[in-house]
Amino acid sequence: MSAPNQSGWKPGTPVEGHNAMSGPDTATGNRALMLEEPLLFEIGHIETTGVDLPEPRGGTNRLGGFERTAQIGLPGLSEPETVRHYTRLSRQNYAIDLGLFPLGSCTMKHNPRLNEKVARMPGFADVHPLQPQSTVHGAYEVMNELAHWLIALTGMHGVAMSPKAGAHGELCGILCIRAALEARGDAREVILVPESAHGTNPATAAFAGYKVEDIPATPEGRVDLAALKARLGPDVAGVMITNPNTCGLFERDMKAISDAVHAAGGFVYCDGANFNAIVGKVRPGDLGVDAMHINLHKTFSTPHGGGGPGSGPVVLSEALSPYGPLPFTARDRDGKVHLVEEENAAEFGHTDAFGRMTAFHGQMGMFTRALAYILSHGADGLKQVAEDAVLNANYILRSLEDVLDAPFGPSGPCMHEALFSDKGFAEGLSTLDLAKGLIDEGYHPMTMYFPLVVHGAMLVEPTETESKAALDQFIFALRSVAERAKAGDESLKTAPHYAPRRRLDETQAARKPVLAWSDPDLV
Amino acid sequence: MARYFTDEHEWIDVEGDTATVGITDFAQGQLGDIVFVELPEVGSVIDKGKDAAVVESVKAASDVYAPISGEVMEANSALEDDPALVNTSPEEDGWFFKMTIADKSQFDGLMDAAAYKSFCDSL
Amino acid sequence: MRYLPLTDTDRSAMLDTIGAPDIDALFADVPEEARLSGPIEGLPMHASEMAVEKHMRRLSKKNLAAADAAFFLGAGAYRHHVPASVDHIIQRGEFLTAYTPYQPEIAQGTLQMLFEFQSQVARLYGCAVANASMYDGSTACWEAVAMAGRVTRRKRVVLSGALHPHYAEVVRTMAKFTDDEIAGALPAIQSQPDNSGLIARIDDQTSCVVVQYPDILGRIPDLGAIAEAAHAKGALLIAVNTEPVALGAITSPGELGADIVVGEGQSIGVGLQFGGPYLGLFAVRDPKHVRQMPGRLCGETRDAEGKRGFVLTLSTREQHIRREKATSNICTNSGLCALAFTVHMTLLGEKGIRQLAMENHRLACLAADRLARIPGVTVLNDSFFNEFTLRLGADARTVVRNLADKGVLAGVSLARLYPHHDGLDDSLLVAVTETTSEEDIETLAVALEGELA
């Protein structure tokens with residue numbers, strides 16, 4: 001199978017020094033549309049501003065004698081300069097809007113623009129979190145409606161809406177478990193986490209005061225149920241399991257795992273990072289899960305924004321719901337939605353909350369987007385999301401397993417992501433080299449070296465928002481780079497060749513950290 | 001002066017009542033470019049097998065365990081400014097810390113240079 | 001479904017390639033009993049863009065937007081004008097739909113922006129190094145407390161009584177699970193912060209003192225004196241700022257000796273958004289503390305051709321490498337909010353932030369003077385920036401509710417922030433920014449006069 005180069009242009013055999021990008025050096029360092037951009041601190045000036053504000057009037061102030069006299073050192077730019085500066089910077093980024101973004105476990109799907117429009121409606125964007133209840137009914141209703149659908153989609157009992165991101169949600173779930181155990185006077189010390197887990201899992205458990213122990217995996221990449229059962233006991237507070245797991249496989253024994261953990265008096269935390277594979281098809285509540293965070297920026301497509309903000313509501317079982325943090329929303333008998341805070345928690349029978357995780361009510365700007373996403377897709381669309389995500393991943397798995405080693409490929413289909421290893425690469429070439437080669441082909445690399453259980457792991461998650469043509473083009477590109485890695489193409493070791501930057505010296509960055517602009521003369 | 005090696009890839013030089021501890025050339029080769037070394041506080045008492053230092057490359061942080069029990073007498077401040085010494089001179093200038101020797105019997109079972117070399121070859 | 005590009009023809013062709021008879025075959029690992037037999041209960045089928053927009057607009061209209069009222073709320077979230085170009089930049093797909101910049105060769109846009117952000121925050125806070133942001137001010141506050149514990153190896157935390165109660169509650173919640181001992185207090189309702197009382201609570205087991213600047217009542221505490229007292233006992237001073245615009249008018253916490261400065265960055269570029277997403281700011285005065293910091297850090301380096309570039313660095317502190325020994329479990333930052341902050345701050349510059357701050361202060365002084373003329377009303381504060389505490393001589397919550405019915409959002413009552421505590425009922429926090437007009441101030445004054453008469 002092959003896919004044509006999209007422009008119809010066929011690359012010939014590259015001749016050293018004669019490819020398209022190696023013309024003469026330019027005087028500016030720019031290369032046509034590839035533009036170099038200085039730092040704000042090199043082009044801005046403390047006298048320049050891009051806003052029109054009144055000059056301060058003299059006279060007295062009431063600053064208590066703390067008025068600033070020294071310069072802060074903040075350069076400004078006019079509006080045209082500001083827009084150009086950040087537009088030029090933006091063009092040095094890869095993004096979903098530019099192409100397929102196959103980062104495994106990150107779910108880089110299309111971000112619908114309706115959701116951006118909705119979040120900016122004045123009734124959502126321009127309201128204060130502490131406005132009197134009578135002026136924010138609609139906001140409470142958004143929170144409540146989203147909470148309702150998250151509960152329905154997961155088959156759980158309650159939901160804590162305030163956690164600000166996935167890791168914050170994990171912490172919330174583990175704290176609920178700890179609070180529930182403490183409420184029954186049962187101090188337990190250990191949380192079990194599979195070796196293949198995302199790093200946040202052990203970090204979270206440790207932050208909540210637990211010792212972390214590994215659960216081994218079976219040769220086919222799943223939790224070893226027998227080993228898990230053997231370890232369970234009165235000291236185990238719970239397990240943290242990702243399902244579908246980080247190898248892209250569904251944990252077939254999930255219900256048996258939950259039953260065993262419950263029988264031993266523990267709780268089951270499910271990392272919901274990979275919920276996209278099963279949304280609308282499987283409800284974690286039916287599998288015995290007690291707590292699961294939902295990354296709204298993954299499954300429900302709120303934008304990743306170059307690293308946040310995220311949003312991590314946590315759905316809770318009946319056993320854990322009483323301990324969920326404040327605040328949250330609840331509907332009274334008359335159907336009116338209330339914000340439940342420290343003040344009125346007793347009225348709503350919620351006196352066992354473990355506390356408060358953040359100043360206000362959670363990521364409202366993400367709630368509006370996620371709700372619009374859920375309503376847009378509906379019950380049929382969400383099920384189709386899971387099915388197409390899984391179909392796309394299996395299409396990639398089966399289209400490439402003849403050229404890339406797929407360690408779990410022979411044992412059956414994958415879920416929403418396909419896992420490959422570096423087996424068969426020529427000596428001296430690594431997963432990193434392949435990834436950087438993929439950059440030259442116009443793609444963001446897949447997740448690399450994760451999960452740790454596979455050597456030189458490459459985890460590819462295409463998501464459901466890619467067309468077949470886009471997948472074929474990506475498969476063509478990845479096949480080509482994989483063949484070069486197996487053939488020992490040394491040019492991969494210095495890739496990328498055509499990105500705005502070549503490989504960056506991370507050792508120097510860490511040995512002599514330069515973390516802020518420090519030349520005071522240039523402002 | 002005697003030099004011992006551990007199966008955690010540390011070396012220990014013993015001179016009188018003082019032991020100098022570092023990581024081996026083999027270990028630095030495995031870790032890659034060292035960017036930071038977190039050293040124990042002078043005066044702290046450390047037990048054999050417990051965390052004593054942390055050595056960091058760009059993508060990994062590895063604990064260095066105390067090869068014997070004792071009190072930390074000196075930490076190699078040169079590593080603060082130049083952690084690359086661990087790469088360029090792991091078994092001399094890139095030493096980590098000096099400590100007292102609480103129990104000389106703890107040297108029993110450690111390897112000499114020849115035994116350590118065959119240990120590494122077997123890995 | 002408009003977001004799903006595959007056609008049924010594509011799907012069958014792809015199943016053929018895979019060698020699967022149908023889609024269910026790909027879900028073979030999901031046990032039969034775990035599969036839903038029908039659609040999600042109650043959830044309608046897919047809906048058009050027009051229909052969803054209509055539904056959301058209906059909900060939006062049930063809220064009173066700040067722009068449609070005389071608006072005086074603060075207490076940790078402030079309404080400021082955000083220039084139109086800020087929203088334009090953050091909606092560029094290259095920023096909006098990018099991932100965390102783990103592949104620096106194709107993420108220099110985000111990385112250079114973060115380096116500029118870190119530099120701006122460090123300068124605004126008077127610190128050496130700022131990180132690439134946290135979730136919000138309250139979680140940054142807790143992370144600072146946790147960091148102080150790592151630095152000092154002590155467990156006793158002294159919270160100022162005038163720290164935002166929700167921030168204090170987040171710290172108390174987290175400390176329950178880390179064995180930190182939290183000594184808090186209620187705010188003393190007086191014209192000046194109770195510095196001597198705070199200083200008396202610092203002892204040689206204290207890891208840190210946490211002080212809000214300006215404080216929850218709007219007063220400006222003497223950070224320098226507290227820093228000196230903390231340092232004398234070997235404790236760190238954590239300064240918390242919930243209104244960054246204030247730092248255009250008053251000296252930064254770092255310059256006054258705070259060791260860790262954290263705060264909420266929402267005022268610059270982000271907007272109210274009903275409480276989130278916001279922007280946690282986190283900085284340290286002394287660069288030697290950098291390796292104990294939580295969160296992402298962007299640093300400068302060179303590429304293989306010697307060109308300057310930026311990377312995420314010192315990541316061995318973080319969860320994806322250090323796992324259970326990480327400085328925090330935080331994984332994201334507030335990337336897009338940090339971008340909004342940086343673009344807005346770039347538009348302001350030194351000149352703009354100072355003008356903005358003084359305009360806020362001027363209007364706040366006007367409002368304080370006008371409101372103090374209402375019979376029975378007094379202004380508590382000796383000092384303030386753009387927010388102050390009014391004593392109404394009446395139940396402030398009732399006043400706030402009644403005025404809301406008249407389209408006046410009068411402020412935040414202390415009783416809303418401190419439920420179940422006596423002696424705070426008649427106090428109202430009033431915030432005034434450049435978005436407040438003199439007419440708005442008059443509207444509030446007249447409404448209050450009517451309510452209290």
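## Size of chain B

For the 123 residues of chain B, a compact globule would come out near 14 Å; the chain has 13 Å, so the two agree. The model is predicted.

The C-alpha trace of chain B spans about 35 × 35 × 25 Å along its principal axes.

Chain B contains four helices and nine strands. Their order along the sequence is β-β-β-α-β-β-β-β-β-α-α-β-α.

Of the 123 residues in chain B, 37% are buried; a residue counts as buried if 20 or more other C-beta atoms lie within 10 Å of its own. Taking the contacts in chain B between residues at least 6 apart in sequence, 58% link residues at least 24 apart.

## A three-stranded sheet in chain A

Chain A holds an open sheet of three strands in the order β10-β12-β11, paired antiparallel. The edge strands of this sheet are β10 (418-420) and β11 (447-448) of chain A, each of which pairs on one side only.

Strand β12 of chain A covers residues 458-460 and runs antiparallel to β11(A), to which two bridges join it. Which residue of β12(A) is the bridge partner of A:M448? The partner is A:M458, so named from the β12(A) side of the pairing.

Conventions:
Residues numbered from 1 in each chain as written. Chains lettered and ligands numbered in written order. Predicted model: local features only at pLDDT ≥ 70, side-chain atom pairs only at ≥ 80, totals over all residues. Rg over C-alpha atoms; globule rule 2.2 N^0.38 Å. Buried ≥ 20, exposed ≤ 12 C-beta atoms within 10 Å, placed from the backbone. Contact = placed C-beta atoms within 7 Å.
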